[in-house]
Amino acid sequence: MRPTTESGLAVRAHHLSRRFGDFTAVDSLDLDVEAGEIFGFLGANGAGKTTAIRMLCGLLAPSAGEAWVDGLPISTHGEAVKRRIGYMSQRFGLYDDLRVGENLEFYGGIYGLDSAAIKARRGELLERLDLSQALDRPTGSLPLGYKQRLALGVALLHRPPILFLDEPTGGVDPVARRAFWDLIYEVAAEGTTVFVTTHYMDEAEYCGRVSIMVAGRIQALGTPASLKAEHGARDMQDLFLKVVGT
Ligand SMILES: Nc1ncnc2c1ncn2[C@@H]1O[C@H](COP(=O)(O)OP(=O)(O)OP(=O)(O)O)[C@@H](O)[C@H]1O
Ligand SMILES: [Mg+2]
């Protein structure tokens, strides 16, 4: 039994806040994300996106407010939340000195999969992420685009219903970014909720809805088309500049 009535919502934040000393990084965030959405969590450097995601993933305690992930309150169900989410952190978090296959095995163990399940899932993901050729390569030797696909694979190992991707395509070339978004679409088509941050406005356009965060607060929220119309913006880049200001 779910302890709340937030069913149908993948993510709900209510007055979610985080302070560091006197500084408020996330300021009373209110947000609902429906199950199955591709939600773009946008904002300038330092707006508070990673801080908010770390709270939603149960990795950082809020200073105030509450959030529910897959219906579970993060304040009391942090461990259960971690089992229901996949998290691709902004900083590459895999072991460079392990081979590609070993990283998947290692994290499969952390997620509590047994060895038969890990083997099956590893094969499936390598194929899907076009990494089969790289199975025995040391992770540290891979091009960034491969590393990011592997990090996505690790986040998907335990088939989480919700994926948090924090700048998953930062620094990779446009072709690799397009390929990565094809994967995001595939995963979303299976019903997975995707909560993704990006600084690339072409990617923002691929999202069903986006929010734009400024100094810890959400300043704009809606579909790319509705937000462009509302702000009289030519494109997402123009919208971003109008909302964030210069
Ligand atoms: N542990 C911390 N201690 C103090 N300040 C922090 C800490 N973590 C984050 N901050 C500050 O909180 C603010 C928000 O940081 P955060 O990393 O959430 O921004 P972001 O929107 O993810 O930015 P970027 O687009 O650069 O990744 C920044 O000013 C950052 O310096
Ligand atoms: Mg960040």
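This is a short tour of a predicted model, stop by stop.

**Before you start**

Residues count from 1 along each chain as its sequence is written, while chains are lettered from A and ligands numbered from 1 in the order in which they are written. Because the model is predicted, local features need pLDDT of at least 70 and side-chain atom pairs count only at pLDDT 80 or more, but totals for chains, interfaces and linings use all residues. Helices (H or I, at least four residues) and strands (E, at least two) are DSSP runs, numbered from the N terminus.

**Stop 1: the open sheet**

Select β6, β7, β8, β3, β9 and β10. These 6 strands form an open sheet in that order, with mixed pairing. Two strands pair if DSSP finds at least two bridges between them. Now look at the edges: β6 (85-88) and β10 (217-222) each pair on one side only. From one strand to the next, the twist averages 15 degrees.

Zoom in on β6 and β7 (residues 162-166). They run parallel, joined by 4 bridges. Select Ile 85, and find its bridge partner in β7, Ile 162. Axes are lines fitted to C-alpha atoms, for helices over the stretch in contact, and angles run from 0 to 180 degrees between N-to-C directions. Contact between two residues requires that their C-beta atoms, placed from the backbone, lie within 7 Å.

**Stop 2**

Which strands does helix α9 (residues 236-244) lie across? They are β3 (38-43), β9 (209-214) and β10. α9 runs at about 35 degrees to β9.

The axes of α8 and α9 come within 10 Å and cross at roughly 60 degrees. The two helices are therefore oblique to each other. Angles under 35 degrees count as roughly parallel, over 145 as roughly antiparallel, 65 to 115 as roughly perpendicular and the rest as oblique. The crossing of α8 and α9 is left-handed. That label applies if the near helix is turned anticlockwise from the far one by less than a right angle; clockwise gives right-handed.

Show the side chains. Pro 224, Leu 227, Lys 228 and His 231 of α8 make the contact with Met 236, Leu 239, Lys 242 and Val 243 of α9. These residues divide into 5 nonpolar, 1 polar and 2 charged. Ala, Val, Leu, Ile, Met, Phe, Trp, Tyr, Cys and Pro count as nonpolar, Asp, Glu, Lys and Arg as charged, and the others, Gly among them, as polar.

**Stop 3: α3 and α4**

Select helix α3 (residues 100-110) and helix α4 (residues 115-128). Their axes come within 10 Å and cross at roughly 135 degrees. α3 and α4 are therefore oblique to each other. Is their crossing left-handed or right-handed? It is right-handed.

**Stop 4: β1, β4 and β5**

Select strand β1 (residues 9-20) and strand β4 (residues 64-69). They run antiparallel, with 5 bridges between them. Ala 13 has Ala 67 in β4 as its bridge partner. Then pick strand β5 (residues 72-73), which is antiparallel to β4 and joined to β4 by 2 bridges. In the hairpin of β4 and β5, 2 residues lie between the strands, and Asp 70 takes a positive phi near 55 degrees.

**Last stop: ligand 1**

Select ligand 1. The residues surrounding ligand 1 include Phe 20, Asn 45, Lys 49 and Gln 90; a residue counts as near if its C-beta atom, placed from the backbone, lies within 6 Å. Helix α1 (residues 49-56) gives the largest share of this shell, 3 residues.
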